[in-house]
Amino acid sequence: MMKAPTPHASPLTGTEPLDPLVPFLTATNWIRSANQCGVPILQIFEDEGIDTRELHPETAQIRLQTLRRIMTRCVEAARAGASSSYFPVVLGEGFAFEYLSDIETFITTSATLREATRALDWISALVSPYLRLTLSEHRDQARLVLDFSSAVPPATASAYIAEAVFATLLKFSRILLGGQALFGHVTFQHARHADATTCEAAFQIPVHFSEPINALWFERSLLDQPLRGAFPALHQEAARRVEERVAAQADAVLQVRSDAAAALVRQIEQLLLTRSHLLGQGIQALACEINIHARTLQRRLREVGESHSTILARVRYQLARNWLQDSRLSIELISERLGFTDRRSFTQAFARWSGLTPSQFRRQRA
């Protein structure tokens, strides 16, 4: 387990890695749910290399693929122990905003369900950055659609996570509606499985499997139905505090990316200085050398006002100045080492950089 005040980014590429770190604010919820289902969660955490001494929910982070494996192992352990409870449903129904109480305050003091859905973006930013919930409306129906980010877990774990998310949504919808049934249904992309009946019983509305999208469908009119728990003053203050936290989180993400991009530029410069054969091979060869897609490399460099050509020019100029002071190296050889097609191209480039031709620069230094 790692603790970090800001989201993780790869120092090599400045991009999100394939196995990113994500917040683990729900650690205590996982422990409670595992105990309820008879799952040896402490053993699972230790097997996955999690330092349980650093499991403070406000600061703990976990690898996305580690979280996926934990989910799969918890489901399998509950089944092996013949638990009558289905772990994803227990996890979803037991979810609470213990360390993000302002979000819960905002939701539970909303005047309408539509107003409460404003929290969906906050939840994605602060709780689960690898998934996104969006509201869409069509005629007399509304739906909350669940999409996974580009770091999509394998299909099995996606199924469990989707079921846990919708168990949470249904729990809060019942709270907001004062126990009123949510007339609608749920669709899942994954196929029906051994625990489907338990899942359906917990949801208390029809569940359809092997559908095109993961979504909670309900009557559109419910979105604007007045809620009894409306409390405008508390609601507005909670919104202000959450927005401040989301803004701070966004600033932290930008800073991490900026720092990582600057480190990337320094790394590229050092790489070109020490492996001059890359100077004439283009951005594709450079991208392969640092294990990043060429388009991603171009985008990351643009974010800090850089480009492959400007970095290449700086490095070539630095190397040219060094090599021109060695009289044993011909200008033709230096031109070739720098990746120019001929001496004339090198001469024109060096004149742009220094105001002198290579020969004039060499005579001055001599």
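Colleague: How much space lies in the largest cavity?

Modeller: Rolling a probe the size of a water molecule over the atoms shows where empty space is left. A cavity is a set of points, on a 1 Å grid over the protein atoms alone, where a 1.4 Å probe fits but cannot get out; its volume is the space filled by probe spheres set on the points, which are joined across faces, edges and corners. Here the largest cavity holds about 700 Å³. This is a predicted model, with local features needing pLDDT of at least 70 and side-chain atom pairs pLDDT 80 or more, while totals for chains, interfaces and linings use all residues. Side-chain values use heavy atoms, without hydrogens and water, and residues are numbered from 1 along each chain as its sequence is written.

Colleague: Which residues that line the largest cavity are the closest to its centre?

Modeller: Lining residues have an atom within 4 Å of a point. Of 37 such residues, Ile123, Leu133, Val165, Thr168 and Leu169 are the closest to the centre. Helix 8 gives the largest share of this lining, 8 residues; helices here are DSSP runs (H or I, at least four residues) numbered from the N terminus.

Colleague: What lines the second largest cavity?

Modeller: About 50 Å³ of space lies there, and its lining includes Leu25, Phe95, Glu98 and Val127. By class, that lining has 7 nonpolar, 1 polar and 1 charged residues.

Conventions:
1 Å grid on protein atoms, 1.4 Å probe; cavity = no way out; pocket = protein on both sides within 12 Å on 5 of 7 lines; lining within 4 Å. Helix = DSSP H or I, 4+ residues; strand = E, 2+ residues; numbered from the N terminus. Nonpolar A, V, L, I, M, F, W, Y, C, P; charged D, E, K, R; others polar.
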